[in-house]
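Work through the exercises below with the model at hand.

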Amino acid sequence: MAPLRIEPVGCLADNYAYLVSGDAVCAVVDPSEPGPVETALKGRQLTHILNTHHHWDHTGGNGALKQTHGAVVVGPQKDRDRIPGIDVGVEGGRGWSFGAHPVRILEVPAHTRGAIAFVFPNAVFTGDTLFAMGCGRLFEGTPAMMHASLAKLMTLPDDTQVYCGHEYTLNNARFALTLEPGNKDLQARMRAVAAARAKGEPTVPSSIGLEKRTNPFLRTSSAEIRAALNLETADAVEVFAEIRRRKDAF
Ligand code: ZN
Ligand code: FE
């Protein structure tokens, strides 16, 4: 079985949809709009549309793409009534098959109640839950829920490639450096990200290991971050909540 090929597709101002293709299957993850997806397909037929959560900038292309391609729409069972055109509802603990490729579903609520991540061999699509050096806003959940959802993602192997829903990386890196300016991995990543963006290149994918070393939302035990927040003895969720509050105001 040939390995899956993954291609980012820029949509709207800063969204990423992704084409995932293998033998006899071709999916798009989180199509914001149909146009850029059709361009990237170059005549190929879509078999599946995968949605990580219900927001319009991740599902806006469902209707038109489903109609054109007859693709099967797969999304979170818990949010069935908010996913346009959904055919297959998936949930944590129950696998789903993309052609011959087994896919694991992780339930990662907090950005939205029903948010899920699709775990392919060596790749995870995290939607707006985990970003490069960031995490999603807490629209439908608490800091404790997001902290737990991120912890679930961190159980994946360090070399797992992370494909997130937006190109927010440069701004996320700037924020991260306000909390942890002494983090050498973060300094190096900022340089790499700034260089990529200056050339108009995407900063995805990231990896679980790189996120562990540079994403402040995953680094609630960092002494430097705790000192910056004056929360040396607080528990991890309190530290997480304060980082999220500061990022909301950044
Ligand atoms: Zn969203
Ligand atoms: Fe989004």
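**Exercise 1.** Lys42 is placed in the loop between α1 (34–41) and β4. State the phi of Lys42 and whether Lys42 is buried or exposed.

Solution. The model is predicted: local features need pLDDT of at least 70, side-chain atom pairs count only at pLDDT 80 or more, and totals for chains, interfaces and linings use all residues. Residues are numbered from 1 along each chain as its sequence is written, chains are lettered from A and ligands numbered from 1 in the order in which they are written, and side-chain values use heavy atoms, with hydrogens and water left out.

Step 1: the element names refer to DSSP runs numbered from the N terminus, helices being H or I with at least four residues and strands E with at least two. Step 2: the phi of Lys42, which is not a glycine, is positive at about 45°. Step 3: Lys42 has a relative accessible area of 71%, so it is exposed (buried means under 20% relative accessible area, exposed over 50%, partly exposed in between, with a 1.4 Å probe and protein chains only).

**Exercise 2.** Locate Asn230, and describe its phi and its exposure.

Solution. Step 1: Asn230 belongs to the loop between α8 (223–229) and α9. Step 2: its phi is positive, about 60°, although Asn230 is not a glycine. Step 3: with a relative accessible area of 65%, Asn230 is exposed. For background, most residues other than glycine have a negative phi, and most peptide bonds are trans.

**Exercise 3.** Describe the surroundings of Thr160.

Solution. Step 1: Thr160 lies in the loop that runs between α4 (143–153) and β13 (161–164). Step 2: its relative accessible area is 4%, so Thr160 is buried. Step 3: leaving out residues up to four places away in sequence, Thr160 touches Asn122, Ala123, Val124, Ser206, Ser207 and Ile208; contact means heavy atoms within 4.5 Å.

**Exercise 4.** Which protein atoms are donors of the zinc ion (ligand 1), and why is the arrangement irregular?

Solution. Step 1: the donors are His53 (NE2), His55 (ND1), His111 (NE2) and Asp128 (OD), 2.2 to 2.3 Å from the ion. Donors are N, O and S atoms within 2.8 Å of the metal (3.2 Å for Na, K and Ca), and since water is not among the atoms, sites may look incomplete.

Step 2: along the chain the donors are spaced as H-x1-H-x55-H-x16-D. Step 3: the 4 donor atoms subtend angles of 85 to 170°, and therefore the arrangement is irregular. Four donors count as tetrahedral if all angles lie between 85 and 135 degrees; four count as square planar and six as octahedral if opposite donors are over 155 degrees apart and all others between 65 and 115; anything else is irregular.

Step 3: His55 lies in the loop between β4 (48–50) and α2, and His111 in the loop between β8 (101–107) and β9 (116–120), so the pair ties together parts 56 residues apart in sequence. Step 5: His55 is buried at a relative accessible area of 16%, and His111 is buried at 4%.

**Exercise 5.** Describe the donors of the iron ion (ligand 2) and name the residue that coordinates both metals.

Solution. Step 1: Asp57 (OD), His58 (NE2), Asp128 (OD) and His166 (NE2) are the protein donors, 2.1 to 2.3 Å from the iron ion. Step 2: their spacing along the chain is D-H-x69-D-x37-H. Step 3: the 4 donor atoms subtend angles of 85 to 169°, which makes this arrangement irregular. Step 4: Asp57 counts as buried at 9% relative accessibility, and His58 counts as buried at 0%. Step 5: Asp128 coordinates both the iron ion and the zinc ion, which are 3.1 Å apart.
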